[in-house]
Amino acid sequence: MTQTRRRFPESFKREAVDQLLAGTPLRHVAETLGIAESLLGKWKRQHEQQGDDAFPGNGKQRGESAELRRLRQQLAQVTMERDVLKNCLPGAPRPIGLETRPLH
């Protein structure tokens, strides 16, 4: 029998962490919400480390994660363009849309 992974909305996670921060014992919050204590502890650590950037979910990235992903995509694009231009024969017309740009 396979178990499906349960998903929790950001609001649920934030409410659970808010209860902990208000002083409710971790065990009590976990039992009340029907989740594992270890999962609740993980959410609390994420909140402490990332603050408002914690719990992005559903492929939504915030803060540094989103910036890192954007920069990696940009690097891949520039690398591909460079490789295409490098492989063009001298004197041959360059592919449209891949003109060289100044690097400043």
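**Helix H1 and the overall fold**

Me: In this predicted model, what share of the contacts in the protein with a separation of 6 or more comes from residues 24 or more positions apart?

Reply: Contacts are counted here when heavy atoms lie within 4.5 Å. Taking those with a separation of 6 or more, the share from residues 24 or more positions apart is 42%.

Me: Which elements make up the protein, and in what order do they run?

Reply: The protein has four helices and zero strands. Read from the N terminus, the order is therefore α-α-α-α.

Me: How far apart are the end C-alpha atoms of helix H1, and what span should its twelve residues have?

Reply: Helix H1 covers residues 10-21. At 1.5 Å a residue, its twelve residues should span 16 Å. The end C-alpha atoms agree with this, being apart by 16 Å.

Me: Why are the buried residues of H1 on the same side?

Reply: The buried residues of H1 are Lys13, Arg14, Ala16, Val17 and Leu20. They sit on the same side of H1 because the arc they cover around the axis is only 160°.

Me: Which helices are included in what covers the buried residues of H1?

Reply: Buried means under 20% relative accessible area. For the buried residues of H1, the cover includes helix H2 (26-33) and helix H3 (37-50).

Me: What is the phi of the glycine that follows H1?

Reply: The glycine that follows H1 is glycine 23. Its phi is positive, near 105°.

Me: How much of the accessible surface of the protein belongs to carbon and sulfur atoms?

Reply: Of the 104 residues, 15% count as buried. The accessible surface comes to about 8,700 Å². The part belonging to carbon and sulfur atoms is 52%.

Terms used. Residues numbered from 1 in each chain as written. Predicted model: local features only at pLDDT ≥ 70, side-chain atom pairs only at ≥ 80, totals over all residues. Heavy atoms only, no water. Helix = DSSP H or I, 4+ residues; strand = E, 2+ residues; numbered from the N terminus. Expected span 1.5 Å × (residues − 1). Buried < 20%, exposed > 50% of the residue type's maximum accessible area, 1.4 Å probe, protein only. Arc of directions from axis to C-beta. Areas by Shrake-Rupley, 256 points an atom, 1.4 Å probe, with all protein chains shown as cover.
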